[in-house]
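This report covers a pair of chains, the interface they share and the sheets on either side of it.

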There are 2 protein chains.
Amino acid sequence: MSKEITSRSEDYSQWYNDIVLKAGLADYSAVKGCMVIKPHGYALWENMRDVLDRMFKETGHQNAYFPLFIPKSFLSKEAAHVEGFAKECAVVTHYRLKNDPNGGGVVVDPDAKLEEELIVRPTSETIIWNTYKDWIQSYRDLPLLINQWANVVRWEMRTRLFLRTTEFLWQEGHTAHATREEAIEETKKMLEVYATFAEQYMAVPVVRGVKTANERFAGAEDTYCIEALMQDGKALQAGTSHFLGQNFAKAFDVTFRDKENKLDYVWATSWGVSTRLVGALVMAHSDDQGLVLPPRIAPLQVVIVPIMNKDPEAQARINIYANSLVSELRSKGIRVKFDDDDTARPGWKFAEYEMKGVPVRIALGARDMENNVAEVARRDTKEKASVSLDGLSAHIAALLDDIQANMYAKALQFRNDNTRKVDTWDDFVKVLDEQAGFVAAHWDGTPETEEKIKELTKATIRCIPLNYEQEPGTCILTGKPSTQRVLFARAY
Amino acid sequence: MSKEITSRSEDYSQWYNDIVLKAGLADYSAVKGCMVIKPHGYALWENMRDVLDRMFKETGHQNAYFPLFIPKSFLSKEAAHVEGFAKECAVVTHYRLKNDPNGGGVVVDPDAKLEEELIVRPTSETIIWNTYKDWIQSYRDLPLLINQWANVVRWEMRTRLFLRTTEFLWQEGHTAHATREEAIEETKKMLEVYATFAEQYMAVPVVRGVKTANERFAGAEDTYCIEALMQDGKALQAGTSHFLGQNFAKAFDVTFRDKENKLDYVWATSWGVSTRLVGALVMAHSDDQGLVLPPRIAPLQVVIVPIMNKDPEAQARINIYANSLVSELRSKGIRVKFDDDDTARPGWKFAEYEMKGVPVRIALGARDMENNVAEVARRDTKEKASVSLDGLSAHIAALLDDIQANMYAKALQFRNDNTRKVDTWDDFVKVLDEQAGFVAAHWDGTPETEEKIKELTKATIRCIPLNYEQEPGTCILTGKPSTQRVLFARAY
């Protein structure tokens, strides 16, 4: 099976598509730009969602659900917002079909035209802030900390499974606060939740930063982001958290009375991550044999494959032991499966679970059993070891932790190796072309220079990292003075 | 707060709306027919979803996700299906807005008209079976047991919060099988999952039955259903499970090779429940003081309200005890909150938690503490008791079980009291008008008679119950022979 995958060195882009399709993560659909998320991909997304959802609740947020449709006029209320989203939206204009009087199946019923068109939400700030108007009157109603898990639609001309699809699944947090300071604090807090999730669960190290004005969310005063580096040296934005100022409160007239009974507009944040994270996960860790999944979010953490034996007694011993091992591992909270399907050969199963990224595989053969050992293979390094059955479940639990840590360490090493300080234009172009990765360089702070660099090199400023020190320098393009390096890369 | 609710006897319909709004379950939205599900309502739906999701997985199903949009031509492929759904769908005709050249905000860009219109899914049989065509070739690919959690849209002219909204949340299972028998078995199995969920978690007794031809899902060979009785004597369909025969396999050309290498069409089922269940839950149990929730799915099961004391030492003792009780209850898996907000009075909190349906309230006062007791109030019967602090958490755990059982028993008693065998037309009309409830009566089995009875009385055949015995009789309307009673009611 693995030989059907294109190798990374041959064609990284094709390798990615091969993995997504062959590991059963997603499939193309009959609707242009939309994908079908297959069971293995959806199980992965469910695990990611469950962890994030717990983190949101632990930081005081509640879930709610707002309408799929947004009246067209709502989009126009925030000037920057409509500029950003009007160009790529699905528009509902009618509410009924009818039989074609000329016998051509069903057609849109012209009598069922909507008075005002409805937009399928590309993001929900407008409909939510229109609702918050009714929910917020006093400082007692604040902060309002709400999250929504939903599907959204942005009409994309060029799509890629998980990374850029017309419809995608995501969560969008929308909070309302009494003060600017509190809203900024919330924006940063949720960025840190995302960063923690990416690093501790996805095993993907991220750079925390703030976007330049060019790259800001349409309607935000500041967009914070986490940026990850993929194995081909391209960057991927893995999550954003926006400080929206009072823009949406003003657009939808959401005011509150403070403790002194003074009327003021409410301060807002919004933040989101999407099924794009599944794409990031694939690109960060997988190899030429298939998916490599970090144990903490892998749908299946351990698979036990019996080496079938013709001697029924030997086979029975394998089965009895395997079932007891399953119980033991489950009691430790480990997601495990005993694959005793006797219509498939062990070698086929090995390749299949390798493709699907199961972190640990245990093979149980009669001879091994006699020697009181099992063969344990880890997916990340592909190392195999003969491990004593005594204390095997504790060994496996520790191994899963080790794989999680190792995957993060490897990705961090890769990112460190591929983040380069550059001080001249020639070096900048050369590094981008020959080595890719993140480039830390000085920039004069103007949108014009940023735009020019993008035109010349296709590299964008991924972010102004939050942890970079102030450091005087000169802009790589214009030579003008700069106070801090920013992070450039070509990006997904 | 409770005095703002209309009583059931005064206006049942208004009572329902009052509860949904004032208990914070949902709100109207700016989009006609669409609702906002508020945090308390969404938390309830999440609990219902989590239980159902576990039950689906335990019966071998996996989750996946299919596109929101369905190409218009797909709807036409199954003749009955398009008849059922074309009349009430949201149609996407364009994919872009642009600035109005006349300065009127944004308008639909006429240059961005879709070649083929897209329908926002009213249900997903068509897009899913079009996908299954690629996934199924051999009997080895069967059964295919997939479920999807999603939003769907059916354009409704008259809507009611939760019960009938243009957009709603639901799950839809779509399974594919090698034989008719296996598909029918699946259809019945999932009906039983729904019935178990309704009875054991929602504490709502249901009648398991099969729909008449008139009431079948558009495209099904048989529709099984569970029917519940609301407090006003009207019936509510709480879930359906459809045996689709080979209709969709034929419409989308989904065939498989069996073990003998013979080609045949695949057999299908689909089954779903929706946020409508939240409406059923409200109508089945709540009272004139607000929501009454069964403990097993209540977002919050126990609330501890301190009776604030001016003596800081007494207050400290209350707080210390309350926090230890919270830990003890949590360790038993009980969802509990200690509401120590000192800006609200105990009486206000009592009314608030009563309105929100929290099953158990524990009030802790200084004098009670001295006497080593707490006041424990149960929401279902509104009984209060002074309970010893010794073993209080065990008492609460048992009380929650008792409330769950009592709510079911009460609802069952109500349904039994309101299910009446009727043998003449006069009695039929009289019972419907004067007593409402379920009416078990003989029917001649024809769609014409069913239609006529509906016209004359607004009562429909809710189902042909699965557990009713064969029993010769004569149709209440036509006097023609009948072999089994069916269940009539006016319904939501």
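Copies are superposed here by least squares on the C-alpha atoms of residues with pLDDT of at least 70 in both, where pLDDT is the predictor's confidence in each residue, from 0 to 100. The model is predicted, so local features need pLDDT of at least 70 and side-chain atom pairs count only at pLDDT 80 or more, while totals for chains, interfaces and linings use all residues. Residues are numbered from 1 along each chain as its sequence is written, and chains are lettered from A and ligands numbered from 1 in the order in which they are written.

Chain A has an average pLDDT of 96, with 99% of the residues scoring at least 70. For the complex, the predictor reports an ipTM of 0.96 and a pTM of 0.96.

**Symmetry and interface**

Chain A is superposed on chain B by a rotation of 180° with 0.0 Å of shift along its axis, at an RMSD of 0.0 Å. The two copies are therefore related as by a two-fold rotation axis. In chain A, the C-alpha nearest that axis belongs to Val92(A), at 2.1 Å.

Two residues are in contact if their C-beta atoms, placed from the backbone, lie within 7 Å. By this criterion, 51 residues of chain A touch 52 residues of chain B. Strand β5 (residues 91-94) of chain A gives the most to chain A's side, with four residues. Helices (H or I, at least four residues) and strands (E, at least two) are DSSP runs, numbered from the N terminus. The side of chain A that touches chain B has 32 nonpolar, eleven polar and eight charged residues; Ala, Val, Leu, Ile, Met, Phe, Trp, Tyr, Cys and Pro count as nonpolar, Asp, Glu, Lys and Arg as charged, and the others, Gly among them, as polar. Since 100% of the interface residues of chain A are also interface residues in chain B, the copies meet through the same surface.

**The sheet across the interface**

Strands pair if DSSP finds at least two bridges between them. An open, antiparallel sheet of six strands runs in the order β4(A)-β8(A)-β5(A)-β5(B)-β8(B)-β4(B). Its edge strands are β4 (69-71) of chain A and β4 (69-71) of chain B, each pairing on one side only. From one strand to the next the twist averages 45°; for such angles, axes are lines fitted to C-alpha atoms, for helices over the stretch in contact, and angles run from 0 to 180 degrees between N-to-C directions.

| Strand pair | Bridges | Facing residues |
|---|---|---|
| β5(A) and β5(B) | three | Val92(A) and Val92(B) |
| β5(A) and β8(A) | three | Val91(A) and Ile119(A) |

Domain bounds come from an automatic or database domain assignment. Chain A is divided into domain 1 (2-79 + 123-285), domain 2 (300-401) and domain 3 (419-489). Between domain 2 and domain 3 of chain A, the C-alpha centres lie 49 Å apart.

Chain A also holds an open sheet of five strands with mixed pairing, ordered β18-β17-β19-β20-β21. β18 (336-338) and β21 (384-388) of chain A each have a single partner strand, so one side of each is left without a neighbour in the sheet. The twist in this sheet averages 25° from one strand to the next. Helix α9 (residues 312-331) of chain A packs on the sheet and touches β17 (302-306), β18 and β19 (360-364) of chain A. The direction of α9 makes about 175° with that of β17(A).
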